[in-house]
Amino acid sequence: MKIGFLGPRATFTDLAVRHLFPSVEATPFMTIPECIDAVEDGTCDFALVPIENALEGSVNITLDYLIHEAPQYIIGEATAPIQQHLMVHPENEQQWKQTELVLSHSHALAQCHKFLHREMKGIVSERMTSTAAAAQYVNEHPEKNLAAIANSLAAEEYGLSIVQADIHDYDHNHTRFVVLSKEKQALPQTTLASNGFKTTLVVTLPSDRTGALHQVLSAFSWRNLNLSKIESRPTKTGLGNYFFIIDIEQQMDDVLIPGAIAELEALGCSVKVLGSYPSFRL
Ligand SMILES: O=C(O)C(=O)C[C@]1(C(=O)O)C=C[C@@H](O)C=C1
């Protein structure tokens with residue numbers, strides 16, 4: 001089994017792969033689209049990428065690439081706790097407060113916004129393709145006084161010193177990762193026990209219909225289908241045009257979800273099932 005993930009080694013995504021598939025030698029890619037492309041062109045069977053963070057919201061590049069560029073299926077999801085640390089090259093440990101630049105993934109920078117505002121006011125931050133890519137860059141440039149925000153495995157992997165631990169602004173920082181596949185298929189065997197199921201739909205409303213969203217939501221509510229997320233994203237066809245990504249806390253069944261989909265289609269919506277899959281807590 002070949003699985004691609006957002007690399008390099010020691011990203012949060014790498015940690016999620018190691019927990020979910022401990023015996024698999026996974027392949028790192030530098031960006032989320034590269035992970036998804038690797039599944040598209042058959043280099044990998046699956047990709048594991050981040051999709052949502054509790055503090056910062058959706059990872060839009062994952063959603064947009066799945067919807068607009070590579071129509072793959074979600075076949076599993078895993079939610080992991082996220083602890084962010086500030087780390088520097090050991091040569092710069094004493095002068096970390098004079099850091100020139102803080103590097104990290106945009107989501108990680110956003111998760112530490114209050115810390116950066118309070119403790120590192122005036123210091124520019126720059127986004128990198130991942131937290132581990134930032135740690136790797138800091139490792140390769142001891143001559144610059146840089147800091148990275150990343151996890152403790154990245155500090156170990158890239159020989160950096162953690163100078164401030166747990167700098168994420170709120171407790172309960174979690175990220176949800178998804179396993180993607182080109183085919184609709186079961187998630188490969190994992191040693192973990194799943195803690196539930198979800199079904200994700202992409203719903204495009206008919207244009208100019210008053211109360212359409214209300215009608216969509218009522219198709220789920222009167223069937224007692226619990227929604228854990230509803231999010232709008234631009235269709236990219238013009239200002240004000242959106243589709244909705246809806247997570248139902250239930251596995252695809254023969255009656256309720258197909259009934260809701262049929263009702264939405266009768267309302268003039270187009271509906272696509274992005275996946276029906278087990279959830280795991282790491
Ligand atoms: O950069 C990483 O380490 C990632 O795995 C990406 C990512 C994200 O996209 O949200 C994953 C988890 C954390 O929320 C921060 C960054």
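Predicted model: local features only at pLDDT ≥ 70, side-chain atom pairs only at ≥ 80, totals over all residues.
**Entry: strand E14**

I then followed E14 along residues 242-248. I counted five of its seven residues as buried, so I wrote the strand down as mostly covered, a residue being buried when 20 or more other C-beta atoms lie within 10 Å of its own. I looked for its pairing partners next. Strand E12, residues 196-204, pairs with E14 in the antiparallel sense, and I noted six bridges between them. Strand E13, residues 227-234, also runs antiparallel to E14, joined to it by seven bridges. In that context I checked Leu227 and found it opposite Ile248 of E14.

**Entry: domains and records**

I took down the domain assignment, which gives domain 1 (3-81 + 173-181), domain 2 (85-164) and domain 3 (196-281). Between the centres of domain 2 and domain 3, taken over C-alpha atoms, I have 40 Å.

I also consulted UniProt. An unreviewed entry there lists "domain: Prephenate dehydratase" at residues 2-182. I find that span to be 31% helix and 31% strand, with its end C-alpha atoms 13 Å apart. The record, again unreviewed, lists "domain: ACT" at residues 201-278. Over those residues I have 27% helix and 36% strand, and 15 Å between the end C-alpha atoms.

**Entry: the ligand**

How many residues surround the ligand? I have 15, and the closest are Thr11, Phe12, His107, Ser130 and Thr131. Two or more residues of the shell come from each of helix H1 (12-20), strand E3 (46-53), helix H4 (106-111) and helix H6 (131-140). I sorted the shell by class and got seven nonpolar residues, eight polar ones and no charged ones. I then asked which domains supply it: domain 1 and domain 2 each give at least three residues.

**Entry: Asn53**

I picked Asn53, which sits in strand E3. Last, I checked Asn53 against Ser104, 51 residues apart along the chain, and their C-alpha atoms are separated by 15 Å.

Definitions and conventions: Residues numbered from 1 in each chain as written. UniProt positions renumbered as here; feature names shortened; annotations may be inferred. Helix = DSSP H or I, 4+ residues; strand = E, 2+ residues; numbered from the N terminus. Near = placed C-beta within 6 Å. Nonpolar A, V, L, I, M, F, W, Y, C, P; charged D, E, K, R; others polar. Domains from an automatic or database assignment. Buried ≥ 20, exposed ≤ 12 C-beta atoms within 10 Å, placed from the backbone. Pairing = 2+ DSSP bridges.
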